[in-house]
Amino acid sequence: SVSFMLDQAQAPCGPAPQLQGPHAHDLLNLRILVVEGNLINQATLHDQLMHLGCRPTFASDGAEGLALWNIQPFDLVMADTDLPGMNGYALARALRAQGTTAPVIALVTSASRAEEQRCSAAGMDGWLAKPIGLRELRQRLQAYVTAPPHAQGLAGAAPRTEPRRARRGGAG
């Protein structure tokens, strides 16, 4: 075991320093449903999406994601394709069967041509290979920001009928 003796810091005098981060005009302001079963991946995506000015909601599997989709509005879905039970592919097919036109982005562990074909066949709009870098995530999500910040509540929750499509693949 290790013990440390720490002195309590005194509160600094004067105004608090401004934190570095994105400016208000750089915030993406997307409501994103993230379907990811791994808690570490959830925490990482949460931090990344918050940094980009998004409002993520997490589900641990496709069935929970579908239930959340049906009770609150989202602009976009990010779904892991490797989940037990209802995986990301099955979730995308279920959303498309309901008439959902919102973008669905696959979270994959292997970036391959076969993976791209599976995503497309399931009705997904593209994929991101894990681990996902912040720059790549911003570039991919930026393609779906088409309007000024959304209105709060259900007034701004109308589903998009013609989402802008990002280029398929992991390169954003």
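Reader: Before I look at single residues, what does buried mean here?
Author: Buried means under 20% relative accessible area, and please keep in mind that this is a predicted model.

Reader: Okay, so is Ala59 buried or exposed?
Author: Ala59 has a relative accessibility of 0%, so Ala59 counts as buried.

Reader: Where does Ala59 lie?
Author: Ala59 belongs to strand E2, which covers residues 55–59.

Reader: And which residues does Ala59 touch, leaving out those up to four places away in sequence?
Author: With those set aside, Ala59 is in contact with Leu33, Val34, Val35 and Glu36, and also with Gln42, Glu64, Gly65 and Leu68.

Reader: How many residues apart in sequence are Ala59 and Ala79, and what is the distance in space?
Author: Along the sequence Ala59 and Ala79 are 20 residues apart, while in space they are 9.2 Å apart, taken from C-alpha to C-alpha.

Reader: Switching to Thr81, where does that one lie, and is it buried or exposed?
Author: Thr81 is found in the loop between E3 and H3, and since its relative accessibility is 10%, Thr81 counts as buried.

Reader: What does Thr81 touch, again without residues up to four places away in sequence?
Author: On that basis Thr81 touches Asn87, Gly88 and Tyr89, then Ala106, Leu107 and Val108, and finally Glu115 and Met124.

Reader: Now the core: how many residues has the largest nonpolar core, and which have the most contacts inside it?
Author: The largest nonpolar core has 24 residues, and Leu33, Val77 and Met124 are those with the most contacts inside it.

Reader: Which helices and strands each supply at least two residues of this core?
Author: At least two residues each come from strands E1 (31–35), E3 (76–80), E4 (104–108) and E5 (126–129), and likewise from helices H2 (62–69) and H3 (88–97). Helix H3 gives the most to this core, with five residues.

Reader: What about a second core, which residues does it include?
Author: The second core is separate and has 18 residues, including Leu52, Leu128, Ile132 and Leu141.

Reader: Last topic, helices: at what angle do H1 and H5 pack?
Author: Helix H1 (residues 39–51) and helix H5 (residues 134–142) pack at about 60°, and their axes are 10 Å apart. Because of that angle, H1 is oblique to H5, and H1 passes H5 in a right-handed crossing.

Reader: Which residues make the contact, and how many are nonpolar, polar or charged?
Author: From H1 the contact uses Leu45, Gln48, Leu49 and His51, and from H5 it uses Leu134, Leu137 and Leu141. By class, the contact of H1 with H5 has five nonpolar and two polar residues, with no charged ones.

Notes: Residues numbered from 1 in each chain as written. Predicted model: local features only at pLDDT ≥ 70, side-chain atom pairs only at ≥ 80, totals over all residues. Heavy atoms only, no water. Axes fitted to C-alpha atoms, helices over the stretch in contact; angles between N-to-C directions. Helix = DSSP H or I, 4+ residues; strand = E, 2+ residues; numbered from the N terminus. Parallel < 35°, antiparallel > 145°, perpendicular 65-115°, else oblique. Left-handed = near helix turned anticlockwise from the far one by under 90°. Contact = heavy atoms within 4.5 Å. Nonpolar A, V, L, I, M, F, W, Y, C, P; charged D, E, K, R; others polar. Core = buried A, V, L, I, M, F, W, Y, C linked by side-chain atoms within 4.5 Å. Buried < 20%, exposed > 50% of the residue type's maximum accessible area, 1.4 Å probe, protein only.
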